[in-house]
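Please read them beside the structure.

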Amino acid sequence: MTSPAPSSVSRAVPFYRDVRVLRILAQIVFVALILLFFWYLLNNMTRGLSRVSGAFSFAFLDNAASFALSETPLPYDPATDSYLIAFLIGVLNTLRVVVAGIALATLLGLVAGIAQLSSNWLVSKIAQVYVEIFRNTPLLIQLFVWYFIGVLSLPRVRDSLALPGSIYLSNRGLALPWFTTNETFTLWLIVAFAAIAVAGVAYWLLGRVKTPLLYEWRGVWAFLVWLALALGAAVALSPVTPSLPEIRGFNFQNGLMLSPEYAALLLGLVFYTGAFIADIVRAGILAVPRGIIEASRALGLTYVQALRLIVIPLALRVIIPPLTNQYLNLAKNSSLAIAIGYADVFYVSNTIFNQTGQTLQVILMIMGAYLIISLTLSAIMNVVNARFKLVER
Amino acid sequence: MKRDFRGFALLVVVAVVAFAIGACAGPITTVPTAAQPTQAQATAAPQPTAPPPTAAAQPTAAPTQVAQATAAPTQAPSGGPTKPPPTSAAAVATGRLKTVLDRGNLICGVNGQLAGFSVLESDGSYSGIDAEFCRAVAAALFNDVSKVEYRPLTTQNRFAAVQSGEVDVLMRNTTFTLNRDTAVGLEFLPTTFFDGGGILVEKSLNATKLEDLAGATICVLSGTTNEQVLTDTFNSRKIQFTPLTFPEANALYKALDEGRCDAATSDKSQLAGQRASILSKPDDWVIMDATLSKEPLGPAVLQNDAQWADVVRWVIYATWYAEELGVTKANVDDKLANGDTNTKRFLGGTGSLGKDMGLSPDAFYRAIKLVGNYGEIFDKTLGPNTKFKVPRGLNVPYTQGGLQYSPPFR
Amino acid sequence: MQSQTIPDTLKPPATSVGVLGWLRKNLFSTWFNALLTFFALYVIYVLVSGVWNFVVTTDWGVITANLRLFMVGRYPMEQTWRVQASVSLFAFLLGASWAIWRGIARSAAILLAAVFFTALVLPFALNDRLWMAGNLALIGVGFAAGYFTRARRVLVWAWLASLPIIALLLYGVGGLPRVATDLWGGLLLTLALSVVGIAASFPLGVLLAVGRQSTYPAMRVFCIGYIELVRGVPLITVLFMMQIMLPLFLPEGVTVESVVRAMVAFVLFTAAYVAEVVRGGLQAIPRGQMEAARALGLNGILTLLLIVLPQALRLTIPAMVGQFISLFKDTSLVAIVGLLDLAGIASAAANQPDFLGRQAEVYLFIALIYFVFSTAMSYGSRRLEKTLGVGER
């Protein structure tokens, strides 16, 4: 039975009974069927496309986009910049909301998750109600509510709510003080990077000192060293000028403007994902057996030490894998920006294929963009996961 | 033994499946154009039995008889309204027209979210000028305005729906442009609404020319010609502005009303309509004089089907022509009986205009009888009696200085 | 024992029992907790008074005028009895299940009865009220039927048969006029999309999961590729692809109703997630089980069908229900591609000339519907988890 010998003995196993032959045959047939299926679809499509518009090519990406975007993290001129640039700006807008969303959702989820376990009955009930409501309604509807009922009913730009610190809130968005960079900015950046190296050296040196005050807090000290150097350089070079928002003409000028669409999308994603993260955090904390906490206390660890050294590492092992899924969901859900008009990659792409009619190419580009974002996110989270997994023996 | 059988059976099954898929894929790749006429004749036979009950139930039963009685050399209308008798020289329905007639209803792609043009009513029907034209075509085809299946489409999927043949005709306030006529693969039919791109601003801003809007936030619908026009116009004049795009009109005007943007750009009729209906203080808003662009809004069908395009085209012309002749919903019966030769020929009393298109002789009569002429449609959906009070502007017959110039019905 | 013998037991102080004790223990145990309590009370006050004001002062005309649209969309008026009959059949079966299975079935039946009962109080047309009263009676009849017959097996078959029966009844078969799915809308469409998505994605997902574990490299690679690709992109791209691209993939002249295209998108999308859930279950089955099965003479397929899958699927119930809840909520995305599900109808209703700009009312109304269904499902899942003792063995 080892190999199909040509002799008459092997007749006992004809080729259609030989498991190995059948295995290979089955796979070939499977692949053939799949290929046939795709060939069929593609064949239909090429005919469909030829009926409608030109051939499959990405050449259209070089044409001038000729549609303006409401939010452009990079300078963008629709008259000259190509569709590709518009698409990239969409990608950047998506990343803006995804990164901020992940950070804030984690924070909210942590707070709500701990609050669910609070000994205060009212607080834990509020947290539970929050989780129930936001988990059990569609994100799309939540976004509509945030945008139409929440953000848009803020005061108009002329009656902006002036908050302390030159912050203005209106339904044109949140105007924050920001800064404009001077010529010395690059120089200051170089100094600041150099200061990181200095701080690293300081950290290393403090590690050899036996004074507990210096040794135990060497991370903080190193950071302080860096801060002092960076601030000193900032005072000396004055790399930025503060820019305060003010109403001029129709809108706020200067400062940093967070648009209502961005705010609504961020709020929607944060509150929705936060509810899921809260449950994950709660489950993670509950997964740490009480006995372990009590044992660590019995060994003389303080409450904070027990939390830091025992509970959190153990809980994180349970928390990180589902948390990764939630981060990925958040990234993918950001595509709902289209419902409220935030210029993310999906929305921009929509306009592109609307104008060019190159549907297939644009959909492939969108999928590519999200796949890259998803893969990057899960790669990062895998590294984090691996760090905490080391605890396992 | 069992194992033996299984392996062999697997092979046989796989082979059969592969063959079946191949067999399906094979013939479909070549469109059987040659087979179509014969199919048409084969399926033509059972068809006439369906329409008569509906025809009899409708008020138009009488004029069909009139047409027969007065001058009907070919006795056409006695059969179904859709099928000319084989003896006549009338056109045989092929392509899309045949598909629609066989199916028994018209699939009409509409907006569904734009009051005045097409909007979903509480009872599940659609109202608005685009919906009325869907009904007019259905009336001409089937003598029954209820034989319309509305398909709400977004700006994103409207062209794909025509390209794939999912809808028979697109009546979705769509601007006729060269690109859409050629690269997108549509065929545009007579413009049902001559419009122009305009800008709606708050009166208190005292903006009279575009330059006054420098630095303003301007709301616009995404995927529309207005979006491109806005960018082009402002950029060429070097006026700085912030666009804010929305996927649907409702969101846009809500945002405008709440002060999220300073101005909105769209077709002027839409601006007028939305100002009157959605903005909380209509009098605080004004449409600027400047016209940014031409916006001829009209129906579109898939290109390369002349017969079907003709049907929709001439139904629209019919609504214009009827207004020109003074034929209305109310007096159409009278005109058919006592009108002049032109009117009678138009309404199917004499001649074979309808049949030449592959329709019933009284196709235009039905459209007018059941839906009305252009003026009536307009007044009902957008005109002074509605909430929108849209001025007719260029949408009046050429005799009154408008752009509606119907070719002769002869 | 001993404590009983101690005479003169001191009663606990009044502040540690009763309402006061509860308050002290749960709300005011420390000064920090007290502070939290007051803060929580303030939050509750603001939210509740805000919602109450809104509910009372708002004109809900947009809901009452469009209730039909919200429930069945454009389903023809004279055919609505088919939807009503389907609901009645469901009510009857639920009543019977209540008697036979109790547990979740009882909760579901009570929930349904409560809905009908409340609706009965509201000013509906006489016919509708009669139908609702009839449904209440049917739940009772079903209960009686179940109670006296105890026909467990019949009930299982009845439930299995009810799905195709309802589908055919709604779509039209035999003498009934066909109601194209494009006319389905509102809650009917939302439920149809969810049920079809759930029913069809489950077997496909199991197949993909098994394929991913397969020893055939070609199938394994294909399944992994499919699962990871689909999980990496947002649902809305799959929906768009199906809405806009699928017609081009089909041969000329063949069209598929847009609702069916959306269903296909949901099935293809959810299957990938179901596959991952099932894979988790498959991996939890000890190898020994399979080896034992093979030793008993079962072949690969029988081992999978009789030994592995039954155990694995049982383990995955909670995660699976979670997946289906998210599918249910995600059906709202079809509104973006122009279908008239609950969210689509909401948007259309807010565009009617009489109700322009009434977003707040419609979105809150449908959010409530989504909330009730999702919460009911997650409650049911928790009950099921307990009854089956998942995670306890």
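1. If the bonded cysteines of chain B are numbered in sequence order, they pair 1-2, 3-4. A search over all chains of the whole structure finds two disulfides, a disulfide being a pair of cysteine sulfur atoms within 2.5 Å. This is a predicted model, in which local features need pLDDT of at least 70 and side-chain atom pairs count only at pLDDT 80 or more, while totals for chains, interfaces and linings use all residues. Residues are numbered from 1 along each chain as its sequence is written, chains are lettered from A and ligands numbered from 1 in the order in which they are written, and side-chain values use heavy atoms, with hydrogens and water left out.

2. One disulfide links B:Cys108 and B:Cys134, with 1.9 Å from S to S. B:Cys108 is in strand 1 (residues 106-110) of chain B and B:Cys134 in helix 6 (residues 129-142) of chain B, so the bond ties together parts 26 residues apart in sequence. Helices (H or I, at least four residues) and strands (E, at least two) are DSSP runs, numbered from the N terminus. The link of B:Cys108 and B:Cys134 is left-handed, with -80° about the S-S bond.

3. Are these two cysteines, B:Cys108 and B:Cys134, buried or exposed? B:Cys108 is buried at 0% relative accessibility, and B:Cys134 is buried with a relative accessible area of 0%. Buried means under 20% relative accessible area, exposed over 50%, partly exposed in between (1.4 Å probe, protein chains only).

4. B:Cys219 and B:Cys261 also form a disulfide, with sulfur atoms 1.9 Å apart. The torsion about their S-S bond is about -100°, so this disulfide is left-handed. B:Cys219 is buried at 0% and B:Cys261 is buried at 2%.
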